[in-house]
Amino acid sequence: MKAIIIGAGRGRRLMPTTAETPKCFAEVHGRRLLDWAIHAFAGAGITDICFIGGYQIEKVRREYPQFEFRHNAGWEHNNILLSLMHAEDAMHGGFVCCYSDILFTSDVVRRVLDNPADIVLSVDTRWLERYEHRTQHPPDDGEKVTVENGAVMRVHRGIPPRAAHGEYTGITKFTPAGAAQLREHFTQAQTRFAGRPFREAAVFEKAYLIHLYQEMIEAGVKMAHADTPGNYMEVDTQEDFELARQYWQVFVLQKP
């Protein structure tokens, strides 16, 4: 199975850290975010990595020649969904995708791999503990999920925190059949909504990945969830970066 890391954006909320380097180059406990991801995937048996870059992609190419690369040249004008689909040709054998601005462990990856469903979202069930110190990224901004009988029913920022089962970590597993469903629904949505509003996005090109997920769920596509009680942190803002450098090892060591 392949890992696809989505890392095209600049990460303006992580300035000044991203002034001259990609967001995934931010270092926590002596490792770049990207190195933590490589380590987590390798611990789950995944060493084949495709990196989708945009901002400062040449620096990633130079430092990680072992990667397969896809270039999102229009990264300033699109968003995570279109960025991921730059690697559409690499999805046929199944894959695990993730955002590039997150910290996670091999256990999180193994949990999605161990779930036999065709599409499996990783969900942090202890997510609110991470938000206790976050002022720049409140719970209302989290990509929250509701579930029922093992299936994700809704993935949306607007879910009230108390109603959420957890927060989507940005990590999803697709089997070859699941990848085919993703590609099919992306093509349908792009055909219908290109240049037009799509769900909460002002235009389809600015859509988030969770917008297509919810579109697929409402069309009857089953998405399972693999819960993790922590072992995950998002590094979206400069405040998050400082919190990660202070608490990441604590979060990892405290969780099974």
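Visitor: Which elements each supply at least two residues of the lining of the largest pocket?

Guide: First, the terms. On a 1 Å grid over the protein atoms alone, a pocket is an open set of points where a 1.4 Å probe fits, with protein on both sides within 12 Å along at least five of seven lines. Lining residues have an atom within 4 Å of a point. Helices (H or I, at least four residues) and strands (E, at least two) are DSSP runs, numbered from the N terminus. Here, strand E1 (2–7), helix H3 (80–84), strand E11 (166–174) and strand E13 (232–234) each give at least two residues to the lining of the largest pocket. This is a predicted model, in which local features need pLDDT of at least 70 and side-chain atom pairs count only at pLDDT 80 or more, while totals for chains, interfaces and linings use all residues. Residues are numbered from 1 along each chain as its sequence is written, and side-chain values use heavy atoms, with hydrogens and water left out.

Visitor: What volume does the largest pocket have, and which residues lie nearest its centre?

Guide: A volume is the space filled by probe spheres set on the grid points, which are joined across faces, edges and corners. For the largest pocket that comes to about 870 Å³. Of its 32 lining residues, Lys23, Asn79, Ile80, Tyr208 and Asp236 lie nearest the centre.

Visitor: How do the residues of the lining divide into nonpolar, polar and charged?

Guide: Ala, Val, Leu, Ile, Met, Phe, Trp, Tyr, Cys and Pro count as nonpolar, Asp, Glu, Lys and Arg as charged, and the others, Gly among them, as polar. The lining has nine nonpolar, ten polar and 13 charged residues.

Visitor: Let's turn to H7. Why is H7 described as largely enclosed by the rest of the structure?

Guide: Buried means under 20% relative accessible area, exposed over 50%, and partly exposed in between (1.4 Å probe, protein chains only). Eight of the ten residues of H7 are buried, so the rest of the structure largely encloses this helix. Those buried residues pack against H3, strand E6 (95–99), strand E8 (119–124), E10, E11 and helix H6 (176–193). One of them is His211, whose relative accessible area is 8%. Leaving aside residues up to four places away in sequence, His211 touches Phe198, Arg199, Glu200 and Ala201, where contact means heavy atoms within 4.5 Å. After H7 comes Gly220, with a positive phi near 100°.

Visitor: How many aromatic pairs are found in the whole structure?

Guide: Rings of Phe, Tyr and Trp (its six-membered ring) pair if their centres lie within 6.5 Å; planes under 30 degrees apart count as stacked, over 60 as edge-to-face and the rest as tilted. The search finds 16 pairs. Among them, Phe41 and Phe104 are edge-to-face, at 5.5 Å centre to centre with 75° between the planes. Phe41 is in helix H1 (residues 33–43) and Phe104 in strand E7 (residues 102–104), so this pair ties together parts 63 residues apart in sequence. Tyr168 and Tyr213 have ring centres 5.8 Å apart and planes at 70°, so they too are edge-to-face. This pair links strand E11 with helix H7, and both tyrosines are buried.

Visitor: Where does Arg31 lie relative to Trp36?

Guide: A charge sits over a ring if NZ of Lys or CZ of Arg is within 6 Å of the ring centre and within 35 degrees of the ring normal. Arg31 lies over the face of Trp36, 4.7 Å from the ring centre. Likewise, the charged end of Arg134 is over the ring of Tyr131, 4.5 Å from its centre.
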